[in-house]
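Please look through the structure below with the sequence beside it, and follow the helices one after another as the paragraphs take them up.

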Amino acid sequence: MLSLIVSVGLSIAYGAADIKISTVWDAFSEFDANVASHQIIREIRMPRAIGASLVGAFLAVSGAVMQGLTRNPLASPSIMGVTDGAAFALVVTLAFYPAASLVGLSFSSFIGAGLGVILVFMIGSFSKGGLTPVKLALAGVAVGSMLSAISSAIALHTQVAKNMSFWYAGGLTSTNWLSIKILLIAGGIGLLLAMYISKSITILSLGEEVSKGLGQNTFLVKVLGIIVVLLLTGAAVSVAGAVGFIGLVIPHITRFIIGSDYRWIIPISAVLGALLLVLADIAARIVNAPFETPVGAITAVIGVPFFLYLARGERRGL
């Protein structure tokens with residue numbers, strides 16, 4: 001937690017115009033609207049740093065919940081088609097309802113995330129031998145690629161490709177206080193639900209038969225888990241775009257540190273996910289200064305080798 005607080009402070013201080021930590025503190029304790037650096041901190045840097053923390057936390061928790069529900073180590077919002085579904089809905093909304101508010105865009109991203117989940121599970125269920133971790137991952141990649149291709153075609157045809165380039169690349173440059181409110185409302189509900197079902201996810205991760213033998217309503221747990229994923233991923237994508245692999249990497253690191261109890265996995269994943277995205281956002285400003293690298297590219301550099309490592313392990317286990 002201390003590392004996260006320090007990282008947020010560095011994120012606020014570092015940017016196109018570097019600001020001293022003492023000035024950051026003054027903007028909190030003795031805010032002066034006439035001081036340009038105070039305005040930059042309050043209206044630009046603070047929402048961005050807080051937004052990075054919340055988006056990272058939500059994506060990490062969403063990935064942890066998906067992995068627990070499906071017992072699939074490859075499950076994450078970006079791989080299972082959830083992120084691409086949300087981005088697809090955003091393209092459709094911007095193309096046909098260009099005057100939609102940020103709240104409207106957020107609502108459409110929730111619907112799109114749900115569409116991605118439904119398509120992945122439908123395709124995976126139709127395969128011979130039923131759902132397996134690898135089949136779910138392959139279905140997710142296929143659905144994500146399909147939705148991404150359709151999104152690109154719609155964006156080019158309706159001339160909103162430039163607007164959508166932000167969501168495809170993933171970034172936090174447009175984060176403002178309204179974005180933070182949306183994240184806190186939708187994500188707060190999602191996190192509370194995740195903690196509520198955390199014990200049930202721990203039991204469900206042991207196997208469907210074990211869970212039912214202990215008297216657990218597995219259908220209800222899965223429905224609530226899907227709602228959690230839709231709320232957290234939908235809110236995150238509507239604000240930061242397609243930031244991938246946080247939901248894949250962080251739950252595995254968390255389980256390695258504290259074990260398989262989701263009552264601990266969920267909150268610790270939230271903290272580590274927040275820390276990772278804040279640090280990635282700082283790196284995005286450093287790699288090609290004074291220009292910004294899409295934060296989604298930074299997380300992909302970390303996540304792709306990790307995904308290949310996990311996929312190779314799954315292949316050995318088949």
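Predicted model: local features only at pLDDT ≥ 70, side-chain atom pairs only at ≥ 80, totals over all residues.

Helix H12 itself covers residues 246-258, and its 13 residues reach 18 Å from the first C-alpha to the last, which is close to the 18 Å expected at 1.5 Å a residue. Several residues of H12 are buried, among them Ile246, Leu248, Val249 and Ile250, and the buried residues also include Gly247, Pro251, His252 and Thr254.

From its first C-alpha to its last, H11 reaches 32 Å with 23 residues, close to the 33 Å expected at 1.5 Å a residue. H11 is mostly covered, since 17 of its 23 residues are buried. Just after H11 comes Gly241, which takes a positive phi of about 80°.

The last step turns to a pair of helices. Two packed helices are described by the distance between their axes and by the angle between those axes. For helix H2 (residues 21-29) and helix H3 (residues 36-70), the axes come within 9 Å and cross at roughly 85°. An angle of 65 to 115 degrees counts as roughly perpendicular, and H2 and H3 are therefore roughly perpendicular to each other. On the H2 side of the contact are Thr23, Val24, Asp26, Ala27 and Phe28, and these meet Ser37, His38, Ile41, Arg42 and Met46 in H3. Sorted by class, the contact of H2 with H3 has 5 nonpolar, 3 polar and 2 charged residues.

Notes: Residues numbered from 1 in each chain as written. Heavy atoms only, no water. Axes fitted to C-alpha atoms, helices over the stretch in contact; angles between N-to-C directions. Helix = DSSP H or I, 4+ residues; strand = E, 2+ residues; numbered from the N terminus. Parallel < 35°, antiparallel > 145°, perpendicular 65-115°, else oblique. Contact = heavy atoms within 4.5 Å. Nonpolar A, V, L, I, M, F, W, Y, C, P; charged D, E, K, R; others polar. Expected span 1.5 Å × (residues − 1). Buried < 20%, exposed > 50% of the residue type's maximum accessible area, 1.4 Å probe, protein only.
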